[in-house]
Amino acid sequence: MAFSATAQRAALAQGFATSIPSADQPSKASFAAFSGFRPVALKKAALDLHSAKPARVSMQAVATKASAFESITQAPPDPILGVSEAFKADTSSDKLNLGVGAYRTEDIKPYVLDVVKKAEKLMLENGENKEYLPIEGLADFNKATVALLLGSDNKAVKDGRVATIQSLSGTGSLRLGAAFLARFYPGRTVFLSNPTWGNHKNIFADAGVEWKEYRYFNPATIGLDFEGMMADIEAAPNGSVIVLHGCAHNPTGIDPTPEQWSKIADLIEKKNHLPFFDVAYQGFASGSLDEDAASVRLFVERGFELLVAQSYSKNLGLYAERIGALNAVLPTADLATKVKSQLKRLARALYSNPPVHGARIVAYVVGNNDIFDEWKQEMAGMAGRIQAVRATLVEELKKRDTKGRDWSFITSQIGMFSFTGLKPAQVENMTKKWHVYMTKDGRISLAGLNKARAGYLADAMIDSFDNF
Ligand code: PGU
């Protein structure tokens, strides 16, 4: 049952309330609750509008017929994006959204990068069209994205050993990779860090790929559990898939050191595991694109076969453009060609071909030397603002803390997040009493904070740590 715009207008003319239940609320109950409900008037309006087939008949049918989906239960809100929904519904002027990892300005406003505006202006001037892209995406984007990831004169790229396919941001690229593993590397287990970005579990589970966890975080040191991580990767069956965060680990903000990366690579090589890198924060960890790609580049230089998902949500602020890529690095160009052909086949069935707008923005920014240099500065500015907010938060916590706790973990963690160690009951107090929205695992996005509100957040944290 769907009401057309004409039907809505006509119903309003009949003296109905200001809206008509939408197609996703077709039940009898929702009609009863609908203010001003008058069966006769509805019947009249329906008949006037659908003279060939009165809508009243189909409404009754919908109301009485058992649904094919009757056994469906309510899904829980998403642990991250659900926090934004709850934040929106809060009317307090004190509220702070530190849930989602999205960059905000010092006024806590969304930010469109200047380089993005410049690229869009150029795109308009050049009269770019909106034709379908090829299944693998925009050629200029694919060239730019792999160069950004591996370096402009990377040997694997020159040798044609990298299959790159534009996909739907980080999530879509990971999902495409998961579909690829399900089809061409069946029966393997994917190992995720504990903790990890919550959606990793959904992505692999939805693709029918089994996942397990390897140790990553040591609450005692608020640091990397390197021994635990190595022991679990060692214990994983040979040929497992190991998901690694390329930089700015989410949610902990703790990355292995270069020496540790090298040992991780040794072990993964020994165990013949397949690394699957998730690079969602290139440029956001250190402020440098090259430094943040060091882990992936190390593995590629060492000759690994691997997968890498890339996202431009954070570093170019293109959250809603859904622009990213899946890269598969293979031992030969011939295999890369074959793998790419299969990735295209999977993408064709999933979404046919990717959207063009964000791809063009990336291609314009990376392909124009002046804009590219400006982007690096803007990115360093964003990373710098987050670092400054971290320092202010630590100062404010120290001022209020009567127990002399060590807050230095906040400034040593990198990227957008701080993993605070707040337990679920404490998080509940942060939200219920202080209107500070954050994920239940105790993660806060410092990209959503400014210096002016750091004191308020510190009050909330001290209260929650001390009293719960
Ligand atoms: N991988 C990691 C490690 C991430 O943190 C995120 C985003 C993604 C991939 C995917 O982002 P795309 O926008 O699909 O490229 N995590 C953020 C954003 C909110 C979300 O959960 O999607 C976060 O707050 O953790």
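Across the whole structure, a search finds 22 salt bridges, each defined as a side-chain nitrogen of Lys or Arg within 4 Å of a carboxyl oxygen of Asp or Glu. The model is predicted, so that local features need pLDDT of at least 70 and side-chain atom pairs count only at pLDDT 80 or more, while totals for chains, interfaces and linings use all residues. Residues are numbered from 1 along each chain as its sequence is written, and side-chain values use heavy atoms, with hydrogens and water left out.

**Ligand site**

- The ligand is surrounded by 18 residues, and the closest are S169, T171, N250, D278 and S311; a residue is counted here if one of its heavy atoms lies within 4 Å of the molecule.
- Sorted by type, this shell divides into seven nonpolar, seven polar and four charged residues, where Ala, Val, Leu, Ile, Met, Phe, Trp, Tyr, Cys and Pro count as nonpolar, Asp, Glu, Lys and Arg as charged, and the others, Gly among them, as polar.
- Helix α9 (residues 169-184) provides the largest share of the shell, three residues, helices (H or I, at least four residues) and strands (E, at least two) being DSSP runs numbered from the N terminus.
- Domain 2 (81-111 + 378-467) and domain 3 (134-367) each give at least three residues to the shell, with domain bounds taken from an automatic or database domain assignment.
- In the side chain of D278, an N or O atom is 2.6 Å from a nitrogen atom of the ligand.
- Taken alone, the ligand exposes 530 Å², of which the protein buries 93%; accessible areas come from the Shrake-Rupley method with a 1.4 Å probe, and for residues only the protein chains shown count as cover.

**Salt bridges**

- Within helix α6 (residues 114-125), K121 and E125 lie four residues apart, about one turn of the helix, and their side chains meet in a salt bridge with an N to O distance of 3.3 Å.
- An α-helix has 3.6 residues a turn, so residues three or four places apart point the same way.
- Both partners are exposed, K121 with a relative accessible area of 55% and E125 with 52%; buried means under 20% relative accessible area, exposed over 50%, and partly exposed in between (1.4 Å probe, protein chains only).
- R405 forms a salt bridge with D466, in which the closest N and O atoms are 2.8 Å apart.
- Because R405 lies in the loop between α17 (369-400) and α18 (409-412) and D466 in helix α20 (residues 451-467), this pair ties together parts that are 61 residues apart in sequence.
- R405 is partly exposed at 27% relative accessible area, and D466 is also partly exposed, at 26%.
- The side chains of D463 and K433 meet in a salt bridge at 3.0 Å, N to O.
- D463 lies in helix α20 and K433 in the loop between α19 (424-432) and β12 (436-437), so that the pair ties together parts 30 residues apart in sequence.
- D463 is buried, with a relative accessible area of 12%, whereas K433 is partly exposed, with 48%.
- Salt bridges that share partners join E396, K399, R400 and D459 into one network.

**Helix α14**

- S295, V296, R297, F299 and V300 are buried in helix α14 (residues 294-301).
- Just after α14, G303 takes a positive phi of about 85 degrees.

Technical notes: Polar contact = N/O pair within 3.5 Å; in protein donor to acceptor, adjacent residues only side chain to side chain.
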